Amino acid sequence: MLVVDLLLALAALATAGQCLLLPGLFRAVANLMAFGLVMALIWVRLEAPDVALAEAAIGAGITGALLLTALGQLPASQRDIQPARDGLPRRIIPITILVLLITGMLWAAILGLPKPGLVEEVATLLPESGAEHAVTALLLNLRGIDTLLEITVMLCAVATIWSLQQAIPPPTLSHYYPGLPTLARWLHPLFLLMFSYFLWQGTHAPGGAFPAGALLGAGGVLLLLTGSIAWMYQRAYNLLLRWLLAAGLLLFLITALAGLLMTGTLYGLPPRLAGYFIIAIEVATALSITLMLMTFYLFGRPGAQQ
Amino acid sequence: MRLIFADTALTSETLFALLAALLMALSLVSVFTTRHLIRRLLALNILSSAVFLLMVLTARTTDGIDPVPHALVLTGIVVSVSTTAVVLALYLRRYRMKPPC
């Protein structure tokens, strides 16, 4: 299997190198998406299926679509101009030395890393956590504070974007590709099915709120880009959208406070009820992640034009 | 050179560790030398992928797979897409202002 790993490593290096070194922004973004897919395969090889699912949906799909949408909004002069790398030939020697130095130091540091691991600790706590799959148990119960803060970061990102400008209407893709909106609508039930499957599977196998939210987010972005989700731009639905965006964080906070009331420690869930709490948080977090990923594409605050 | 790496067999883990180090070096240099903001954003994305690769590598212990770094990487992926979205929105605002600043 070393050959497969070698090929994957070479592919990752090649796509990353083409993304960063060759001229042309469009080509760079396309290479970044290919890099995301290669990374997803590497996660599978490293036995990290949860990370692979999230990377395939977010790293390859959503980030690439975000970048391409943003490039499409730029004026043509900005899109085509590549900054002249006239300084490069002069600085190529110090840069090479720097690269080699950083690489060598990092490789030495990685090889010398101690590997303590928390395998046993997690295994002993797993029966009390309310989930059978270790990663889900960690994300939603054992280290739930991390996830709470992460949802807060996402909500802060949405708030920042909304405070910058008004939403940019989606490009009229249906004019160039008449079949695309229909295809997106036909595919959406499939996205919903996969979303429910991952969400349900999350408590006992790889899956859970993050891959599920990322997947439905990717499907939603497809609908958004084809102009099939008009309600998100309308003023009447703005309040509902805000509540839905905040639902994941609110439920997380309620859970943390409930833990404080019941066991005396913040987010200390009693083992008897932990399973129900985990399912509730999982559903709310997945929905919030889906909607937040979709609102990233608006690049601004919707519902103010009327 | 042989002395330093004499006890290091070429396994998948050393290979991916080397890949992570190379990716990190490449993207760090790009972050510092590229002038185009979007190119820098791409370099940041690749840098975060390299860091995630390192963290997942540390998860492979002799006792089995440590789920803690996996959970942290999942969190990190979502945070990095949030960063990308905010930077892109800032960038778009810069060019949609009249006159562009």
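Chain A is divided into domain 1 (1-116) and domain 2 (120-306), with bounds from an automatic or database domain assignment. The model is predicted: local features need pLDDT of at least 70, side-chain atom pairs count only at pLDDT 80 or more, and totals for chains, interfaces and linings use all residues. Residues are numbered from 1 along each chain as its sequence is written, and chains are lettered from A in the order in which they are written.

**Exercise 1.** Describe how domain 1 and domain 2 of chain A meet.

*Solution.* Begin with the separation: the C-alpha centres of the two domains of chain A lie 27 Å apart. Next, count the contact residues (C-beta atoms, placed from the backbone, within 7 Å): domain 1 of chain A gives 13 and domain 2 of chain A gives 15. Finally, classify the domain 1 side that touches domain 2 in chain A: eight residues are nonpolar, four polar and one charged. Here Ala, Val, Leu, Ile, Met, Phe, Trp, Tyr, Cys and Pro count as nonpolar, Asp, Glu, Lys and Arg as charged, and the others, Gly among them, as polar.

**Exercise 2.** Determine whether A:Val4 is buried or exposed.

*Solution.* First, locate the residue: A:Val4 belongs to helix H1 (residues 2-21) of chain A, helices being DSSP runs of H or I with at least four residues. Then apply the cut-offs: buried requires 20 or more other C-beta atoms within 10 Å, exposed 12 or fewer, and partly exposed lies in between, with C-beta atoms placed from the backbone. A:Val4 is exposed because 11 other C-beta atoms lie within 10 Å.

Conventions. Helix = DSSP H or I, 4+ residues; strand = E, 2+ residues; numbered from the N terminus. Contact = placed C-beta atoms within 7 Å.
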